[in-house]
Amino acid sequence: MTDHAPSYYAATANSFPEQPPLAREVSADVVVVGGGFTGLSAALHAAEAGFSVVLVEANRIGWGASGRNGGQMIPGMRWGAADLAEKFGNENARRLVAVANRAGDRVRDRIARHRIDCAPRLGHFHAAAKPGHLYDMRRELDWLERNLGYEGARIVRMSDVEEFVASPIYHGGVYDRNGGHLHPLNYALGLARAALDAGVRIFEGTPALDVDHGSPVIVTTPAGTVSASHGVLACDAFMASVDKALGRMTMPVANYNVATAPLSPEHAAALIPSGAAVSDSKFVLNYYRLSADNRLIFGGGEKYTPTPPRDIRNFVRPYLEQVFPQLQGVRIDYAWGGLVGVTLNRLPDLGRLGNCFYAHGWSGHGVLLTTLAGELIADAMRGTAEQFDMFANLPKRPFPGGALLSHPLYVLGMLWYALKDRL
Ligand SMILES: Cc1cc2nc3c(=O)[nH]c(=O)nc-3n(C[C@H](O)[C@H](O)[C@H](O)COP(=O)(O)OP(=O)(O)OC[C@H]3O[C@@H](n4cnc5c(N)ncnc54)[C@H](O)[C@@H]3O)c2cc1C
């Protein structure tokens, strides 16, 4: 079992009792593989619906992207609603986005209901990195207001950006009260506590070595097996470890975060006066926010090769200093990275394999959608699959090039888009 990556989140994690590894044969109605937001939400919702549930996690709860991400609660999906409408038709997009937009309420409801101490804050500012991006944001917000009566978001002109973030590089943006930010590891641990209280049996340090999707579903681990009527595969960037074909639907992309030393309350408020989570519209985006103790938590830069940068601080620092020149030389206390499971078209990949449900490929947009997806999976097990199927029916394609060539081809594509950020 690998412990949490050293990070600001690990250093400020709420206590959570270590759960034992599985060392016998057990049976349940549902077996969940993966203890991030997706798996925890599915386990909790299934247990609340009366199913007996076992969850196996290879490492610690929240060890994957869920315990390392930027904590940004970004409303909607990676595709804008207007783009979805163009591709799939207005009515399909309207139904899909209406469900996706419930994700924020689902997370806020969990936090309130289980009193999860994860420093939630309201507000997300999507900053336009180029003038044309502001045009796209207007078109998107118009669509949402016209088709869904969307409330709580507004366009911010270039001259008003400083009310939201003290950066000279943006051309305006959209501020959305439905977004926000939180301490992601503490949210995951809070879900896990709620799951334990609801009767879920959690086994940490228990990698699934093999999953038989038949009837029953059988999950084989190093020292025990779980048999169940339903399975849930929730390993995101690590899905290849349980199913090779599913693994080819996503590409693991490394992304890095830093946390500065605590800033004075005045300095922090001057930097992000809105207190919002901020992400910008670059292809290799910058995303940042203030922590509860006034650190700037900043994510920027992606790496498409498996070797991590020698020094994550120095890898991220130029991005941070480009956004905030006034933070030149700021002390960085923590630096860490994680793997984002990215699909070819950036839409999440949900579906069924025999008696297993799966959900992965959040493409960097998973803090909100994963909680919703876990609940849709549990609903589908109870026979209400309409909303799960809406997501499962989205188009999907494995990365081209097979096992050997898919990564080099992907790297070439990404480098091209990253270059466009600089043009
Ligand atoms: C650095 C970074 C920053 C990000 N920032 C944001 C952000 O600000 N906003 C946003 O919306 N999204 C963000 N994301 C994406 C978001 O974190 C993910 O989409 C989300 O956490 C995925 O949750 P998950 O439960 O599906 O997967 P994970 O959290 O990755 O959980 C999968 C779990 O499965 C376990 N596992 C793997 N293989 C096995 C096995 N064989 N057996 C048992 N267990 C196994 C792993 O140990 C892991 O704990 C970011 C991601 C990263 C890496």
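Hi everyone, I'll walk you through the ligand, the nonpolar cores and the cysteines of this structure. Please keep in mind that this is a predicted model.

Let's start with the ligand. There are 40 residues around it, and Thr38, Glu57, Ser66, Ala208 and Val367 come nearest. Ser66 has a polar side-chain atom 2.5 Å from an oxygen atom of the ligand, and for Asn59 a polar side-chain atom lies 3.1 Å from a ligand oxygen. Val367 takes part through its backbone, with a polar atom there 2.9 Å from an oxygen atom of the ligand. How much of the ligand does the protein bury? Taken alone, the ligand exposes 1000 Å², and 97% of that is buried by the protein. If you look for the elements giving two or more residues to the shell, they are α2 (37-48), β11 (250-260) and β15 (332-343). The largest share, 3 residues, comes from β15.

Now to the nonpolar cores. The largest one has 78 residues, and Val53, Met77, Tyr187 and Phe391 touch the most other members. Take Met77: leaving aside residues up to four places away in sequence, its contacts include Leu84, Leu96, His365 and Phe391.

Last, the cysteines. In total, the structure holds 0 disulfides.

How values were computed:
Residues are numbered from 1 along each chain as its sequence is written. This is a predicted model: local features need pLDDT of at least 70, side-chain atom pairs count only at pLDDT 80 or more; totals for chains, interfaces and linings use all residues. Side-chain values use heavy atoms; hydrogens and water are left out. A nonpolar core is a set of buried Ala, Val, Leu, Ile, Met, Phe, Trp, Tyr and Cys residues joined through side-chain atoms within 4.5 Å. Buried means under 20% relative accessible area, exposed over 50%, partly exposed in between (1.4 Å probe, protein chains only). Contact means heavy atoms within 4.5 Å. A disulfide is a pair of cysteine sulfur atoms within 2.5 Å. A residue is near a molecule or strand if one of its heavy atoms lies within 4 Å of it. A polar contact is a pair of N or O atoms within 3.5 Å; within protein, one must be able to donate a hydrogen and the other to accept it, and residues adjacent in sequence count only if both atoms are side-chain atoms. Accessible areas come from the Shrake-Rupley method with a 1.4 Å probe; for residues, only the protein chains shown count as cover. Helices (H or I, at least four residues) and strands (E, at least two) are DSSP runs, numbered from the N terminus.
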